[in-house]
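Here is a short report on charged side-chain pairs and their surroundings. Please keep the sequence and the model in view while reading.

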Amino acid sequence: MIINVGSMNPVKLGAIRAVMETRFPEADFVPVSVDSGVSVQPIGLEETLRGAKNRARAAFAGCELSVALESGLVPVPETATGYMNLTACAIFDGEEMHLGLGPAFELPAEVTRLVVEDGLELDPAVRRAGLTDNDRIGYAQGIIGILSRGRVTRMDYSRPAVSMALVRMGL
């Protein structure tokens with residue numbers, strides 16, 4: 001069985017593999033470079049879901065399933081900044097799209113401002129806010145790893161979205 005992953009990001013691939021290989025132990029996971037078709041830093045649930053779905057559809061070729069993750073900032077009432085970061089997962093079987101969402105967390109106010117008001121992608125916003133020198137935190141522990149002091153990594157944080165998409169498939 002071949003499962004294409006709509007990303008070259010090793011953290012996304014690792015999170016998808018960690019969850020899906022328990023259900024599909026014979027699967028080969030193939031990273032595929034695809035475009036999300038949304039802004040580099042999605043804002044809102046609709047854009048975040050659309051990015052995951054676009055990636056999954058674009059990655060579906062010569063496989064039984066394609067899977068994609070997309071993270072974005074979504075408006076959440078009662079939060080200090082008005083937004084939370086969350087990850088959406090889309091699993092495409094060639095006919096049907098199966099969606100899941102992961103947990104959400106609030107970013108520091110300055111990072112949120114830089115993303116929402118200045119239009120920065122999360123990685124440069126986190127650097128400009130002085131939280132890291134790493135140019136590609138999304139390929140490492142992620143902002144959640146920085147904020148949780150390593151107790152939760154981006155890979156940890158991404159797995160529940162994959163699990164929730166599998167629920168829709170009955171797996």
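Is Arg136 buried, partly exposed or exposed? Arg136 is partly exposed, and its relative accessible area is 43%. Bear in mind that this is a predicted model.

Arg136 has a charged partner. Its side chain meets that of Asp123 in a salt bridge, at 3.9 Å from N to O. Asp123 is buried, because its relative accessible area of 10% is under 20%. Arg136, at 43%, counts as partly exposed.

**The other pairs**

The search of the whole structure returns seven salt bridges. Three of them are set out here.

| Salt bridge | N to O distance |
|---|---|
| Arg50 and Glu46 | 3.6 Å |
| Arg113 and Asp118 | 3.3 Å |
| Arg136 and Asp123 | 3.9 Å |

Take Arg50 and Glu46 next. Both residues lie in helix H2 (residues 45-59). They are four residues apart, about one turn of the helix. Glu46 is exposed, with 61% relative accessible area. Arg50 is partly exposed, at 35%.

Now Arg113 and Asp118. Arg113 has a relative accessible area of 29% and is partly exposed. Asp118 is partly exposed too, at 41%. The bridge between their side chains spans 3.3 Å, N to O.

**A residue in helix H6**

One further residue deserves a look. Val167 is found in helix H6, which covers residues 154-168. Val167 counts as exposed, because its relative accessible area of 53% is over 50%. How far is Val167 from Gly145 in space? The C-alpha atoms of the two residues lie 26 Å apart. Along the sequence, Val167 and Gly145 are 22 residues apart.

Key. Residues are numbered from 1 along each chain as its sequence is written. This is a predicted model: local features need pLDDT of at least 70, side-chain atom pairs count only at pLDDT 80 or more; totals for chains, interfaces and linings use all residues. Side-chain values use heavy atoms; hydrogens and water are left out. A salt bridge is a side-chain nitrogen of Lys or Arg within 4 Å of a carboxyl oxygen of Asp or Glu. Helices (H or I, at least four residues) and strands (E, at least two) are DSSP runs, numbered from the N terminus. Buried means under 20% relative accessible area, exposed over 50%, partly exposed in between (1.4 Å probe, protein chains only).
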